[in-house]
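This report describes one protein chain. Look through the sequence and the structure below before reading on.

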Amino acid sequence: MVLDKNQYQKTVEKIKPKPPAVKNGILAFLMGGFVCFLGEILFHVLTGFGIPEKESYTYVSIIFVLIAAILTGVGIYDDLVRIFGAGLIVPITGFANSMVSPALEHKQEGLVLGVGAKLFTVAGPVIIYGLISSLIVAILLRGLGKL
C-alpha cells in the first residue's frame, strides 16, 4: 500500500495521541500560583527582617533564579517542567533555566568556549531585545516629556 503525502498526514493525525490540554492547563495554573505564593511568603519574611519592600522584591527574584539554577544543575528542574509546563517556564525561574541548561550542556568544551560562550545562547536574544525595547520606550517617553 502506497500512501501519498496527504493520506500519510491524515493517518498520522488519526493515530497521534492528543495532548491532555485541560490537565496540562490546570497543572500549569496550580504551579504558577504556587510559585507566586512562595514569592509572597519570601517577600513577607524578608520585609519582616527589616529589608525595605523595594529591595525585598529584588531579593525574591534573586532567590528564585538561584533556586531554579540549582534545580537545573542537579537535573530536577527539567523533570518538573515536563509535569507542570508553563507554570514553571513563564516565571523568572524559566529564565534561570534557559541560562544554566546550555552552560551545563557545553561545560566539556571549557569555561570560556563552553560555559561562557553558551551561557546566553537562549537568554541572550531575550536580553538584547528587552534592552532595545526599553531604550525605544525610554526615548519615546522622553520625547513626550513623561520621563
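## Annotated segments

Over residues 120–141 the chain is 86% helix and 0% strand, with the end C-alpha atoms 30 Å apart. Residues 83–100 are 83% helix and 0% strand, and their end C-alpha atoms lie 20 Å apart. Helices (H or I, at least four residues) and strands (E, at least two) are DSSP runs, numbered from the N terminus.

Both stretches come from the UniProt annotation "transmembrane region" (unreviewed entry), which also covers residues 26–51 and 57–76. UniProt positions are in the numbering used here, feature names are shortened, and annotations may be inferred rather than shown by experiment.

## Model and confidence

This is a predicted model, in which local features need pLDDT of at least 70 and side-chain atom pairs count only at pLDDT 80 or more, while totals for chains, interfaces and linings use all residues. Residues are numbered from 1 along each chain as its sequence is written, and side-chain values use heavy atoms, leaving out hydrogens and water.

The mean pLDDT (the predictor's confidence in each residue, from 0 to 100) of the protein chain is 89, and 100% of its residues reach 70 or more. Confidence is lowest in helix α7 (residues 111–118), at a mean of 83, and highest in helix α2 (residues 21–48), at 94.

## Helix α3 against α6

Helix α3 (residues 53–73) packs on helix α6 (residues 92–105) at an angle of about 40°, with the axes 8 Å apart. Axes are lines fitted to C-alpha atoms, for helices over the stretch in contact, and angles run from 0 to 180 degrees between N-to-C directions. The angle makes α3 oblique to α6; angles under 35 degrees count as roughly parallel, over 145 as roughly antiparallel, 65 to 115 as roughly perpendicular and the rest as oblique.

Contact (heavy atoms within 4.5 Å) involves residues including Ser61 and Phe64 of α3 and Ile92 and Thr93 of α6.

## Helix α2 against α3

The axes of α2 and α3 come within 9 Å and cross at roughly 130°. That makes α2 oblique to α3. Among the residues that meet are Val35 and Leu38 in α2, and Glu53 and Ser56 in α3.
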